[in-house]
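Reader: I would like to go through this model one element at a time. Please give the cut-offs as the terms come up.

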Amino acid sequence: MTTDEKITPSQNGLSSIIKQTFDLVLIPFLAVVTALIIGGFIIVVTDAAVYTAFGEGGIGGGLAAIWTSVSVAYGSMFSGSLGSARDISESLVASTPYIFAGLAVAVGFRGGMFNIGVEGQLLLAVMASVYVGSNFSLPWIIHLPLTILAGMVAGAAWAALAGYLKAKTGAHEVINTIMMNYIVYLFSDWALNGFLCRTPCSSPVSPPVLESAFLPQFFYRLHFGFFLALIVAFAVWWLLFKTTIGFEIRTVGTNPNAARYGGIQTTKVMVLTMAISGALAGLAGASELLGVNRVLAAGFSSGYGFDAIALALLGRSHPLGVVLAALLFGTLRSGATRMQSLANIPTDIISIIQALVIVFIAAPAIIRWIYRIKAKGAEEGGGVMVQGWGS
Amino acid sequence: MPPVLELRGITKQFPGVLANDNVNLTLEKGEVHALLGENGAGKTTLMNILYGLYKPTKGEIYINGKRAEISGPTDAIRQGIGMVHQHFMLIPVLTVTENVMLGEESIHNGIFLDRKVAAKRIEEISKKYRLEVDPHAYVRDLPVGIQQRVEIIKVLYRQATILILDEPTAVLTPQEVDELFNIMKLLTSQGVSIIFITHKLKEILAVSDRISVIRRGQTVGTAKPTESTEQSLAELMVGRPVELVVQKKKAQPTQPVLLVKNLVIKNDRDRIAVEDVSFEISGGEVLGVAGVQGNGQTELVEAITGLRHAESGSIKIDGQESANKTPRQITEIGVSHVPEDRQRDGLVLSFPIKDNFILNTYYNTFANGIIIDEKKVNETAIKWVEKFDVRTPSIETPAGSLSGGNQQKVIVAREFSRPLKLLIASQPTRGVDVGSIEYIHARIIQKRDEGAAILVVSTELDEVRALSDRIAVMFDGKIVAIVPADQVTKEQLGLLMAGVPKEEVLGVFPQGKTKKGEKL
């Protein structure tokens, strides 16, 4: 650079914002498309009818069978998730816990903490919520918030413990949260056979939540938890990008040395980040409990806490991205059931597609290679996701 | 005889940027050809083209008179081109031999590494070019200067005859620099040709046979060191007359602002890094700390700024006891800190410039309660970018995509815009181009004249001498001497930095005048 080229600093114009958004969305979008295409291959390869058609109908018949196989599978999946008002409502119901859980992991990522313990925090939160929700008889205006709050506090406390261990002893949060998951799993087994079991205790199921703590359903099974999720997503965005707390979280998450230099108490922020993450995990559990299940039984969560990692990655740890990713995953999940019944394809195919999405997001070089997209600078992608071990 | 290497009309067009514009360069056998240019002038792009990392938009490369197609580093190595990067590409937990043979392993019995054969060849190379190094030492145990030798050996091991040295002196002590220059002379005397990339003018004059200056992607001149001066080269490089000497009036010290007494600090390995250090700085004066890297300067600065625990002793800033206060408390007293490693401590590289501007004042100056005042942030950012001449397309640009000089200006803007009583500037111009050095130095002196106390820590003796009113020399964790800047020569400082007792070095001074801690 030289003196004569004077560039006037200005804020970015609209066009460059659109371009930035496009760049941000391109890889996740292509990752999903690619995963669906490969998923299609797997459907074809595992479909006996295709082999028979190749044997009997030759190339033409075989290709036709391939088309039928894939189109029936994906057709039934999408009609099953978006085909009717009820289907759409089911998709949104399935998306709700994904939004909360995805936000939980995303906040962790932003703060440099890899919270693998969302599953455990969620389950502990459900236990707290079911306890408050079934044991106290209160007017709903008090009972519902109190029950939700119980879940949030339980999740936050459990996650904050992992954050505290990291801040004080350097114990890596990945190890801590994984281990703490097992503590919760076993604790819940024990509790469901003991103090949390309904009376008389014949099977490990909790007493039902009282109606005063319900999140009301209003559109088939769609409940107010969905709107709560959207509001919370907005609140998380506001917190992360508009407040000093968010500035601290993002600074610690991106460059803890600079954070310390800037006077931020990094240990405090680590604990806070985990607490917020855990509270969001707790919301995922509480809304699912109070809006859908209304009772806690074994197998309450179908791995929301782990799918949430994929969601946060897919959504680039941005609340809006997480919401979109959660809607996508919710749609896939609820369509998968229909696909299983109509096309006789196991719902596991969805897990494969989800796994492929994670692979492509985690290794964007693959996507760039497939679609010949030029790599940009090293700073691409919103900075560091998580710090390495021992950092 | 054709030149060993010839670049003809190399042009490289990036989207929106013409990084190289019709660059011509010839390298004769056995010469050191210096490539001089500011950060971002296009030196690195050119070398990356030569090394096969980029494809030129236009232009040809000839090696020994023959047209060469270089499509990747492997190609470049095969054609005898070797590159020593500024940041070493060594694996600390492997030995020298293992590092050198990596990618070109000698093998016996099919699958076993033959370290003996490799070690023998390394010893041969060591002997031939006097690159002394123990082939069996682990790289992590070696000082930076020796690690660089390993890098050079690595390249020679692959039979390179054309050596590209990218800013090789940036990490070296003055002594190591001298050693490197001796090695370079020996290499060229044995027929190796060297392209030497730097922006340090003294070094160029000391070691090169020919100089090409690049500005804005174009070769703007070729010069011979015998016919050039630092001043003429700087002008060629920057494109305008440059002040190489800091213009400053005599200091007008007021009352003491920083008082350090018997300070003891431990380093990360729990060893004593700073031992019983005492000194003071008054408002309106600059105290420079000279010393070879790793003699306690880093720890000293970290303790004063609250980033490191002080074991014992006292640090008084503006009358307040500040030892072991938090960085924020110390900032709030009125201390500004330009950190030694700007990318590690001073900036969040992926954050936009405007967010880096508020790194340590986001919570008070730029917030109402917990809400960040974005309007104020934006307005201030636009103002500072103008005022501090940060060359950036926008305030939204991530700090990481600026050049080193402009990154440093972002930090300077942030740290100099607060009301400040004490300024601590650590390596304020490391890796910064000449134009920015001039600018940053002028700003530091301006702060001094406004009455701030200033502590400058630098491994560049010239910088310490240019800025300081008094110079403290650190060796092995102690301040071995504090002397007035205008009463000490560069050679004397060099000896003090190397640990020669001050009585021997400063014998020329009247007795008592240089007593430790005494103000002059």
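Predicted model: local features only at pLDDT ≥ 70, side-chain atom pairs only at ≥ 80, totals over all residues.

**Helix α6 of chain A**

Reader: Within what arc do the buried residues of α6(A) fall, seen down its axis?
Author: A residue is buried if 20 or more other C-beta atoms lie within 10 Å of its own, exposed if 12 or fewer, and partly exposed in between, with C-beta atoms placed from the backbone. The buried residues of α6(A) are A:Glu173, A:Asn176, A:Thr177, A:Met180, A:Asn181, A:Val184, A:Ser188 and A:Leu192. The arc is that of the directions from the helix axis to the C-beta atoms. These buried residues line one face of the helix, because they fall within an arc of 145°.

Reader: Which residues of α6(A) are exposed on the other side, and which helices are among those covering the buried residues?
Author: The exposed residues on the other side are A:Tyr182, A:Leu186, A:Asp189 and A:Trp190. Contact here requires C-beta atoms, placed from the backbone, within 7 Å. The cover over the buried residues includes two helices of chain A, α4 (118–135) and α5 (140–169).

**Other local features of chain A**

Reader: Where is A:Pro200, and what is the omega of the cis peptide bond that joins A:Thr199 to it?
Author: Most residues other than glycine have a negative phi, and most peptide bonds are trans. A:Pro200 sits in the loop between α6 and β1 (217–219) of chain A. The bond joining A:Thr199 and A:Pro200 is cis, with omega about -10°.

Reader: Is A:Asn344 buried or exposed?
Author: A:Asn344 lies in the loop between α12 and α13 (348–362) of chain A. Its phi is positive, near 60°, and the residue is not a glycine. With 12 other C-beta atoms within 10 Å, A:Asn344 is exposed.

Reader: How are α7(A) and α12(A) oriented to each other?
Author: Axes are lines fitted to C-alpha atoms, for helices over the stretch in contact, and angles run from 0 to 180 degrees between N-to-C directions. Helix α7 (residues 225–242) and helix α12 (residues 319–343) of chain A pack at about 150°, with their axes 9 Å apart. Angles under 35 degrees count as roughly parallel, over 145 as roughly antiparallel, 65 to 115 as roughly perpendicular and the rest as oblique. The two helices are therefore roughly antiparallel.

Reader: How far is A:Ala308 from A:Val118 in space, C-alpha to C-alpha?
Author: A:Ala308 lies in helix α11 (residues 304–314) of chain A and counts as buried, with 34 C-beta neighbours inside 10 Å. Beyond its neighbours within four places in sequence, its contacts include A:Tyr98, A:Ala101 and A:Val118. A:Ala308 and A:Val118 are 190 residues apart in sequence, and their C-alpha separation is 8.0 Å.

**Chain B and the interface**

Reader: Which element supplies the largest share of the side of chain A that touches chain B?
Author: The contact takes 26 residues from chain A and 41 residues from chain B. On the side of chain A, α8 (244–254) and α9 (256–261) each supply at least two residues. The largest share, 5 residues, comes from α8(A).

Reader: What is the phi of B:Gly239, which follows α8(B)?
Author: In helix α8 (residues 230–238) of chain B, the buried residues are B:Leu233, B:Ala234, B:Leu236, B:Met237 and B:Val238. Among the elements they pack against are β3 (32–36) and α15 (434–449) of chain B. B:Gly239 follows the helix with a positive phi, near 90°.

How values were computed. Residues numbered from 1 in each chain as written. Chains lettered and ligands numbered in written order. Helix = DSSP H or I, 4+ residues; strand = E, 2+ residues; numbered from the N terminus.
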